[in-house]
Amino acid sequence: MNDKTLWFTTRGAGAVSLMLLTAVVVVGLLARLRFTTEGWPRFISATFHRDLALITVVFLALHIVTAVVDPFTSLGLMPVVVPFGSSYRTVWLGFGTIAVELLLAIVVTSLARAWIGVRGWRVVHWLAYASWPLAVVHGLGTGTDARQVWMLGITAGCVGLVAGVGLWRLVAAPADPLDAARREAAGTHRVARR
């Protein structure tokens, strides 16, 4: 693989990773809203969300591996695991490293959900809301195409989509049935003790 192929692969995988991560966040928000249609039941949203997340990890791995082996950046492994540990675009690359580490925490806890419980998994899963903007900032500062019209369009579309669905989720979110059941149980318990 020549240097130009690595460069194009890194750039392409980065752009695709941003779009896929955006889709993961949006589908996750829609699943939390209990969004359904006649042809799209809720269980499909959860499965689709998980599958999109796995595809995102594959493209993200491709983005990272090609960036590390690209002789132009001379990254090495250090900036992959240590935020701000690179001499190449230190701050912007550091944001990307943190975003990846947050995503890895989500992947690990999702795989260990049966052992850590829903509450523990949910707490870590909230990290997705931090990893996505860090990934956006990483792309804006590190991406060689970040100022190109097409990439600005992709980034603006991703930001607009997440902002729109996120706002909808804040305004229209149904109450969490687990929290409602716990409140009801606590209220019943208090009544029983009187």
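Mentor: D3 lies in helix α1, residues 3-32; helices here are DSSP runs of H or I with at least four residues, numbered from the N terminus. The model is predicted, with local features needing pLDDT of at least 70, side-chain atom pairs counting only at pLDDT 80 or more, and totals for chains, interfaces and linings using all residues. Residues are numbered from 1 along each chain as its sequence is written, and side-chain values use heavy atoms, leaving out hydrogens and water.

D3 has 44% relative accessibility and so counts as partly exposed, the class between buried (under 20% relative accessible area) and exposed (over 50%), with a 1.4 Å probe and protein chains only. Leaving aside residues up to four places away in sequence, D3 touches D70 and P71, where contact means heavy atoms within 4.5 Å. D3 and D70 are 67 residues apart along the chain, yet their C-alpha atoms are separated by 6.3 Å.

Now the rings. Those of Phe, Tyr and Trp (its six-membered ring) pair if their centres lie within 6.5 Å; planes under 30 degrees apart are stacked, over 60 edge-to-face, and the rest tilted. By this rule there are three aromatic pairs. One of them, W7 with F8, is tilted, at 5.3 Å centre to centre and 50° between the planes. W7 is partly exposed at 32%, as is F8 at 45%. The charged end of R11 sits over the ring of W7, 3.9 Å from its centre; this requires NZ of Lys or CZ of Arg within 6 Å of the ring centre and within 35 degrees of the ring normal.

Terms used
Helices (H or I, at least four residues) and strands (E, at least two) are DSSP runs, numbered from the N terminus.
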